[in-house]
Amino acid sequence: MRKAEKPLPFAAGSGTIIKLIDDEVLQMTPGEKRTIIAPFNQIYGNSKRGNLSQDSILIFKLELLSINDIH
């Protein structure tokens, strides 16, 4: 299991991160936490990802720390 050591900044809705996570973050408010559980194929389709088995179940623990408005 890999755990994030520090926050991962990204522009929500930009398509730069996994779509499922992007969609969830767009519905969250600062300080909110969510756990997403999804099968490998829902996240990556049929593409291979390193040593992850295509039978894997992926668990993402999210916490929205802040929202920064970028113009």
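Does S56 count as buried or exposed? The model is predicted. In it, S56 counts as buried because its relative accessibility is 17%, and the cut-off for buried is under 20%.

**Around S56**
- S56 sits in the loop that runs between helix 2 (40-44) and strand 2.
- The side chain of S56 reaches the backbone oxygen of S53 at 2.7 Å.
- Leaving out residues up to four places away in sequence, S56 touches A38, P39 and F40.

**The nonpolar core**
- Ten residues make up the largest nonpolar core: I21, V25, M28, I36, A38, I43, L58, F60, L62 and L64.
- Helix 1 (19-26), strand 1 (33-39) and strand 2 are the elements that give two or more residues to this core.
- Strand 2 gives the most to this core, namely three residues.
- M28, one of the core residues, is in contact with K33, R34, L62, E63 and L64 when its neighbours within four places in sequence are set aside.

**The surface patch**
- On the surface, I37, I57 and I59 form a nonpolar patch.
- Together these three residues have about 330 Å² of accessible area.
- One of them, I59, lies in strand 2 (residues 57-63).
- I59 counts as exposed because its relative accessibility is 55%, and the cut-off for exposed is over 50%.

Key
Residues numbered from 1 in each chain as written. Predicted model: local features only at pLDDT ≥ 70, side-chain atom pairs only at ≥ 80, totals over all residues. Heavy atoms only, no water. Patch = residues over 30% accessible without salt bridge, like charges linked within 9 Å, V, L, I, M, F, W, Y side chains within 5 Å. Areas by Shrake-Rupley, 256 points an atom, 1.4 Å probe, with all protein chains shown as cover. Salt bridge = Lys/Arg side-chain N within 4 Å of Asp/Glu carboxyl O. Helix = DSSP H or I, 4+ residues; strand = E, 2+ residues; numbered from the N terminus. Buried < 20%, exposed > 50% of the residue type's maximum accessible area, 1.4 Å probe, protein only. Core = buried A, V, L, I, M, F, W, Y, C linked by side-chain atoms within 4.5 Å. Contact = heavy atoms within 4.5 Å. Polar contact = N/O pair within 3.5 Å; in protein donor to acceptor, adjacent residues only side chain to side chain.
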